[in-house]
Amino acid sequence: MALIELRDYAHAPTGRGKGLEKFSVSLSPGDAFSLHADRIDDAHLFLRALATLEPPEEGSYFFKGEALDFSKFRKLLPVRRRIAYLGTDAALIGNRTLRTNLLIGRYYHENKLDLELSDDVQSLCRLFGIESKLDLRPSQVALEDIRAAVIIREMTKGAEVFLIEQAFVVLARWIVEKYIEMIRKVIDSGIPCVYYAGLTQYDRLFKKRDIYIRDGVVQVV
Amino acid sequence: MRDFVGYLGRQTGVRLNRYADQSAFLYRILRQIVVNPKAGRRLRIRIVVEQIYFTAVEALWIVIPISLLLGSMMILQLSGVAAQHDMGRVTVALLIREFGPLITALIVVLRSATAVTIETGYMKVLHEIEAMELQGINPLDILFVPRMIGLTVSMFCLITIFCITAVLGGYAIAWSLTTLPLQNFLSQIGKAITGLDIAVVALKALFFGVGITVISLHYGLAVQKGITEVPVATSRGAVACLFYCLAVNFILFAAFFL
């Protein structure tokens, strides 16, 4: 059974894109798609659609075979939690420290406030060089630190799907290589992934199959 | 003429739509308060405490001087024009029942409602609310419910502090600065104030707190495209809050004292 299936999905254009004409696509464990689009906004819209962040104007969204009702907001939350969305617009909460941002999901779901960062989160913070900045707010750190914190948050939330957009923009070169390694491990473990590089040099890093969006027409190859 | 009628119709439609949206939003917040889900309960309590700190505690240095100035001025004026035996009733009617809640609401709108609209608008534009949702967090739980509880509790506290400071502090200032006859002032207040006065002031605090929160959050969430929309939403939200408070004040006055 497909983990995510978009059936006859269509969406109006956003920004400078052409929108998404009616298409169907499914993501199953082991899939790794490289996304190619003639317009960045269409690629962005496609990833947001997969992340349930854009309700379909036509068509249906199935998660593990179950159709999602976008009018029932609360029922979408458990699905969103299972999707690691590393889009260019993935953000941190501005009025909380990086540490709280990394812990807030656990604060909420475990209903405890005396939690510490787990070992894997701490080691990733060391790896990305943000360990000493954990008690600062996003406005007090560099853009690449924010991006690093978003990556750590999404990588460690136990997601079942990864959606990655222009992954290497903003990140320093030495971090990029570690990040590539991390994504490779994710894909090797069979977690489905859709990846939009934006830069041709990274276009073919992880792909097993391709998704093309040309003039709003989505084609899976 | 037809254009004018059309314009009027469109404006009415827009406003009715907005009120319907705000009512639905209020319903969802109140429902979430009643349900009080276990997930995020401690986090919610912490954010409520933070909100009370920002709205009530940090506003004390504004509320107390204003209440002292207004209270002493009013008592001095009233002692000059009102007959001594009416002073208690006039003070209760004007200071405790009308000006206390209204001026406190105005201070909360200026300080906190605008801040809530700005914060919510920025969170919407910068996808911070989406970031919460991607963690499986319901924004109602940790963003909207704590704002409503915090602002309403703060409103109760600030109105109480305003009224007490205005009457006692105003009396003390008037007594120490002048030789005006202010005998039995406090006992007159004590006799003039009734349970209905206290209930109406409490109702005002409740309606002001709930209404200001819903309006300011709703205007913040209405921001769609860019950061430049935030100042416009903030200004409109503050004006809407002000009109709402004046309307509620009049409705409660008409309902209980006319």
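Which residue in strand 8 of chain A is the bridge partner of A:Leu163? The model examined here is predicted, so local features are described where pLDDT is at least 70 and side-chain atom pairs count only at pLDDT 80 or more, while totals for chains, interfaces and linings use all residues. Residues are numbered from 1 along each chain as its sequence is written, with chains lettered from A and ligands numbered from 1 in the order in which they are written.

The partner of A:Leu163 is A:Val194. This pair belongs to strand 7 (residues 161-165) and strand 8 (residues 193-196) of chain A, which run parallel and are joined by four bridges. Strands here are DSSP runs of E with at least two residues, helices are runs of H or I with at least four, and numbering starts at the N terminus; two strands pair if DSSP finds at least two bridges between them. Both strands lie in an open sheet of six, ordered 6-7-8-3-9-10 in chain A, with mixed pairing. At the edges stand strand 6 (83-86) and strand 10 (217-220) of chain A; each has a single partner strand, so one side of each is left without a neighbour in the sheet. From one strand to the next, the twist averages 15°.

Chain A also holds an open sheet of four strands, in the order 2-1-4-5 and with antiparallel pairing. Its edge strands, strand 2 (20-27) and strand 5 (66-67) of chain A, each pair on one side only. Two bridges link strand 4 (residues 58-63) of chain A to strand 5 of chain A in the antiparallel sense, and A:Phe63 has A:Glu66 of strand 5 as its bridge partner. Helix 1 (residues 40-50) of chain A packs on this sheet, touching strand 1 (4-11) and strand 2 of chain A, and its direction makes about 130° with that of strand 1. For such angles, axes are lines fitted to C-alpha atoms, for helices over the stretch in contact, and values run from 0 to 180 degrees between N-to-C directions.

Turning to chain B, the elements are nine helices and zero strands. The C-alpha trace of chain B spans about 65 × 60 × 30 Å along its principal axes. Of its 258 residues, 38% count as buried, meaning that 20 or more other C-beta atoms, placed from the backbone, lie within 10 Å of the residue's own. Among contacts in chain B (C-beta atoms within 7 Å) between residues at least 6 apart in sequence, 88% join residues at least 24 apart.

Definitions and conventions: Contact = placed C-beta atoms within 7 Å. Buried ≥ 20, exposed ≤ 12 C-beta atoms within 10 Å, placed from the backbone.
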